[in-house]
Amino acid sequence: MAIEALPPTDDLTALHEEVLEFPDNFLLIDLCGEHDRNLAEIERQLGVQIMRRGNQLSVIGEKGSAQAATSALNALYSRLEAGRSVEAADVDRELRMGASEPAPDSYAGEQLEMFRGGTVEIKTRKRLVEPRTDAQKAYVMSLFKHELAFGIGPAGTGKTYLAVAAGVSMFIEGKVDRIILSRPAVEAGEKLGYLPGDMKDKVDPYMQPLYDALNDFLPSKQVAKLIEEKRIEIAPLAFMRGRTLSNAFVVLDEAQNATSMQMKMFLTRLGEGSRMVITGDRSQVDLPRGVTSGLHDAERLLKSISNISFNYFTAKDVVRHPLVAAIIEAYDADS
């Protein structure tokens, strides 16, 4: 990695140096990334310079920035020591989270200690899913602990992805007999007109994100077979009326687009041996003007019930492209 000259300054005391030594050179190579891209990203975001000397990294910059870079490098190296990979998203997460912010207020005391800094994993057929932020860890824990859990926050924070992963994990372990995934069939701000084909052809475009998540966790042939056997169901919210969903892991995605009546109908489908997850983004309501979001009503009415968990995400929990977090923060600042 090419190291540029330090910027001229009249106050040399403003520069601070942190020296880190890593015992395993192979892990250090992985830490630096291909063509030192991980180090370059840390330099870019924190305004520091990182020089490598053998098995040492020297971080030079303002004291706060140098210490933040050191903290990120140590956390990423610990991840490698634990046998996990370090990808661009991991680097971005460490830099954005920094000294980890407090977990949501609903997680405190003993429960907070259970997940802060610890490892939370979801095992599926195709991959091991690891929540990346404290809020995501708390959310995953609530999915396994509570029969009804809400995940509320902006796009890209893993609300639906982690919920489907938890459902697949419970299904594989035999804790539930089936997985039911649902969404309101509401267009996102534009009228698409009539769609061709039978009922499945018409609703599948709305359900595609749920198919995508399933295919990340189960072989595609197995997904097709389980759907054929109705052990996995993917259906619009309107199809849930009149049913009792027992021994199932049930996910309602994009819940901000459910009306108050639809939300009440869906929540009262919960049957024995089932778990239900409601995910949504309050900033992306596509309901007609004047129609109250069922997610808003559910949050207002159910928050005092102790056996229901509410989990909140912010732009800091975004695990898509780093620009997504910046876009969300820009819109939040303008609202």
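In this predicted model, helix α6 (residues 134-145) packs against helix α7 (residues 159-172), with the two axes 10 Å apart and at an angle of about 35°. The crossing of α6 past α7 is right-handed. On the α6 side, the residues in contact are Q136, Y139, V140, L143 and F144, and they meet K159, L162, A163, A166, S169 and M170 of α7. By type, the residues of this contact divide into 8 nonpolar, 2 polar and 1 charged.

Strand β6 covers residues 148-152. Is β6 enclosed or open? Buried here means under 20% relative accessible area. By that cut-off 5 of the 5 residues of β6 are buried, so the strand is largely enclosed by the rest of the structure.

In a regular strand the side chains alternate between the two faces of the sheet. In β6, L148, F150 and I152 point one way, while A149 and G151 point the other way. The residues of both groups are buried.

Which strands pair with β6? One is β10 (residues 275-280), which pairs with β6 in the parallel sense over 5 bridges. Another is β11 (residues 308-312), which also runs parallel to β6 and is joined to it by 5 bridges. Within these pairings, A149 has V277 of β10 as its bridge partner, and G151 stands opposite N311 of β11.

Strands of a sheet pair through backbone hydrogen bonds, either parallel or antiparallel. An antiparallel case is the open sheet of 3 strands in the order β1-β3-β2. In that sheet β1 (16-21) and β2 (49-53) stand at the edges, each with a single partner strand, so one side of each is left without a neighbour in the sheet. From one strand to the next, the twist averages 20°.

The partner strand β3 spans residues 56-61, and its antiparallel pairing with β2 has 5 bridges. In this pairing Q49 stands opposite I60 of β3. Helix α3 (residues 63-81) packs on the sheet and touches β1, β2 and β3. The direction of α3 makes about 15° with that of β1.

| Strand pair | Sense | Bridges |
|---|---|---|
| β6 and β10 | parallel | 5 bridges |
| β6 and β11 | parallel | 5 bridges |
| β2 and β3 | antiparallel | 5 bridges |

Technical notes. Residues are numbered from 1 along each chain as its sequence is written. This is a predicted model: local features need pLDDT of at least 70, side-chain atom pairs count only at pLDDT 80 or more; totals for chains, interfaces and linings use all residues. Side-chain values use heavy atoms; hydrogens and water are left out. Buried means under 20% relative accessible area, exposed over 50%, partly exposed in between (1.4 Å probe, protein chains only). Helices (H or I, at least four residues) and strands (E, at least two) are DSSP runs, numbered from the N terminus. Two strands pair if DSSP finds at least two bridges between them. Axes are lines fitted to C-alpha atoms, for helices over the stretch in contact, and angles run from 0 to 180 degrees between N-to-C directions. A crossing is left-handed if the near helix is turned anticlockwise from the far one by less than a right angle, and right-handed if clockwise. Contact means heavy atoms within 4.5 Å. Ala, Val, Leu, Ile, Met, Phe, Trp, Tyr, Cys and Pro count as nonpolar, Asp, Glu, Lys and Arg as charged, and the others, Gly among them, as polar.
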